[in-house]
Amino acid sequence: MSVESKPFGTSNDEPVELFVLTNANGAIAEITNYGGIVKKLIMPDRDGNMADVVLGFDSLDEYKKSSPYFGALIGRYGNRIAGGKFTLNGTEYSLVANEMPDRNTHLHGGNVGFDKVIWDAEAYDTDNGPKLELSYLSKDGEEGYPGYLSVKTVYTLTNDNALKIHFTATTDQDTIVNLTNHSYFNLAGEGSGTITDHEVKIHSDSFTPVNAELVPTGEIQPVAGTPMDFNEFKAIGRDINMDFDQLTLGGGYDHNYVVRKDKEGELALTAEVIEPNSGRILEVFTTQPGTQFYAGNFLSDEEDLYGKGGKLYPKRSGFCFEPQHYPDSPNQPQFPSAVLKPGETYDHTIIYKFSTK
């Protein structure tokens with residue numbers, strides 16, 4: 001096991017570091033303290049051949065210029081908030097509507113969300129694998145959010161080939177918080193084509209349908225009898241182009257699934273993915289009530305997107321599983337609350353566990 005660090009450029013004249021975590025099996029995670037981005041994640045296939053299974057770029061400048069949140073930590077609030085506004089304790093807070101000109105939505109924390117700040121970092125070895133601790137203090141009013149929010153994110157590359165992400169946060173006044181990671185996975189190896197042949201199983205009986213701005217309508221609908229149903233393994237591409245209103249609105253899968261679990265806050269298996277050719281398997285665990293499944297529908301949408309090594313990343317060349325609170329929860333009182341109060345601790349775990357078949 002080992003942890004190394006090396007320079008990874010500068011942002012606003014501040015130095016940025018890249019941390020290389022290697023576990024006892026030779027799996028590698030490269031993570032930068034700029035946005036907590038998982039730059040590389042190298043895992044073995046069934047024959048022991050190693051490949052990088054996350055999309056990304058070679059340089060910091062590329063991430064700063066045009067990244068669709070590749071590998072990044074997302075906050076204060078992951079996903080969408082309708083109209084860029086929410087009301088808390090009778091006060092309306094205005095956030096920037098930053099998604100795109102024709103959508104009046106706040107996306108992934110704003111213009112300068114947690115994906116674009118430099119985190120304080122400390123890396124070290126543990127008995128369970130190398131660990132990287134990232135800390136950040138988000139000031140009152142930052143991107144329109146109330147309260148000082150003290151955040152810690154701990155990445156552990158475990159010796160059983162899992163990337164474990166543990167979030168904690170505290171606040172000095174009532175606020176909202178919803179943290180997640182936005183890695184795009186291709187289990188055949190990044191830059192190797194589309195993910196439509198990957199086989200997916202999602203442990204969920206229902207999802208939150210969206211409107212034309214991809215914001216939840218407030219309903220919770222069953223997946224049974226619809227192309228949204230992944231309770232049995234099926235290829236991502238099997239139903240993705242069906243004439244179904246939710247798939248038409250999202251250009252494919254870009255929806256929050258309700259995580260099936262026995263009690264609030266328990267760590268539950270939310271999704272499984274198999275890549276048939278390499279035999280790589282990904283299992284996703286979370287303590288959160290929802291998981292956003294995104295099939296990379298907008299990659300290379302307006303212009304070609306080139307990633308590491310100059311490789312083309314076409315439409316649907318990566319998929320995301322983003323465990324989180326439901327989108328727009330601050331405006332949907334029937335959804336699980338995303339409010340954090342002084343004296344409470346936001347505590348959320350994601351585990352991306354890799355194995356082979």
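Predicted model: local features only at pLDDT ≥ 70, side-chain atom pairs only at ≥ 80, totals over all residues.

Reader: Start with open space. How many residues line the largest pocket, and what is its volume?

Author: Ser66, Ser67, Pro68, Tyr69 and Phe298 lie nearest the centre of the largest pocket. The lining has 41 residues. The space in this pocket comes to about 1,200 Å³.

Reader: Which element gives the most residues to the lining of the largest pocket?

Author: Two elements give two or more residues to this lining, namely α1 (60–66) and β24 (290–294). With five residues, the top contributor is α1.

Reader: How many residues of that lining are charged?

Author: The lining of the largest pocket holds 17 nonpolar residues and 10 polar ones. The charged residues number 14.

Reader: Now the second largest pocket. Which residues lie nearest its centre?

Author: The second largest pocket has about 420 Å³ of space. Its lining is made of 21 residues. Nearest the centre are Glu264, Gln288, Pro289, His325 and Ser337.

Reader: Which element gives the most to the lining of the second largest pocket?

Author: By class, this lining has eight nonpolar, seven polar and six charged residues. The elements giving two or more residues are β26 (339–340) and β27 (346–356). The top contributor, with three residues, is β27.

Reader: On to charge pairs. Which residue meets arginine 80 in a salt bridge, and at what distance?

Author: The structure holds 11 salt bridges. In one of them, the side chain of arginine 80 meets that of glutamate 99, N to O, at 2.8 Å.

Reader: Why does this pair tie together separate parts of the chain?

Author: Arginine 80 sits in strand β7 (residues 80–82). Glutamate 99 sits in the loop between β9 (91–94) and β10 (105–107). The pair therefore joins parts whose separation in sequence is 19 residues.

Reader: Are arginine 80 and glutamate 99 buried or exposed?

Author: The cut-off for buried is under 20% relative accessible area. Arginine 80 has 6%. Glutamate 99 has 15%. Both values fall under the cut-off, so arginine 80 and glutamate 99 are buried.

Reader: Which residues are linked with Arg80 in a network of salt bridges?

Author: Arg80 pairs with glutamate 99, as noted. The network of salt bridges links Arg80 with Glu99 and Asp254.

Reader: How many residues apart are lysine 311 and glutamate 190?

Author: Their side chains meet in a salt bridge at 2.5 Å, N to O. Lysine 311 is in the loop between β24 and β25 (320–324), and glutamate 190 is in the loop between β16 (180–181) and β17 (199–202). The pair links distant parts of the chain, and the separation is 121 residues.

Reader: Lysine 311 or glutamate 190: which one is buried?

Author: Buried needs under 20% relative accessible area. Lysine 311 stands at 32%, so it counts as partly exposed. At 9%, the buried one is glutamate 190.

Reader: What about aspartate 115 and lysine 116: which one is partly exposed?

Author: These two side chains form a salt bridge at 2.7 Å, N to O. Aspartate 115 has 7% relative accessibility and counts as buried. At 32%, the partly exposed one is lysine 116.

Reader: What is the phi of histidine 108 and of aspartate 328?

Author: Histidine 108 lies in the loop between β10 and β11 (120–124), and aspartate 328 lies in the loop between β25 and β26. Histidine 108 is buried at 6%, and aspartate 328 is buried at 2%. Each has a positive phi in a residue other than glycine: near 55° for histidine 108 and near 60° for aspartate 328.

Notes. Residues numbered from 1 in each chain as written. Heavy atoms only, no water. 1 Å grid on protein atoms, 1.4 Å probe; cavity = no way out; pocket = protein on both sides within 12 Å on 5 of 7 lines; lining within 4 Å. Points joined across faces, edges and corners; volume = space filled by probe spheres on them. Helix = DSSP H or I, 4+ residues; strand = E, 2+ residues; numbered from the N terminus. Nonpolar A, V, L, I, M, F, W, Y, C, P; charged D, E, K, R; others polar. Salt bridge = Lys/Arg side-chain N within 4 Å of Asp/Glu carboxyl O. Buried < 20%, exposed > 50% of the residue type's maximum accessible area, 1.4 Å probe, protein only.
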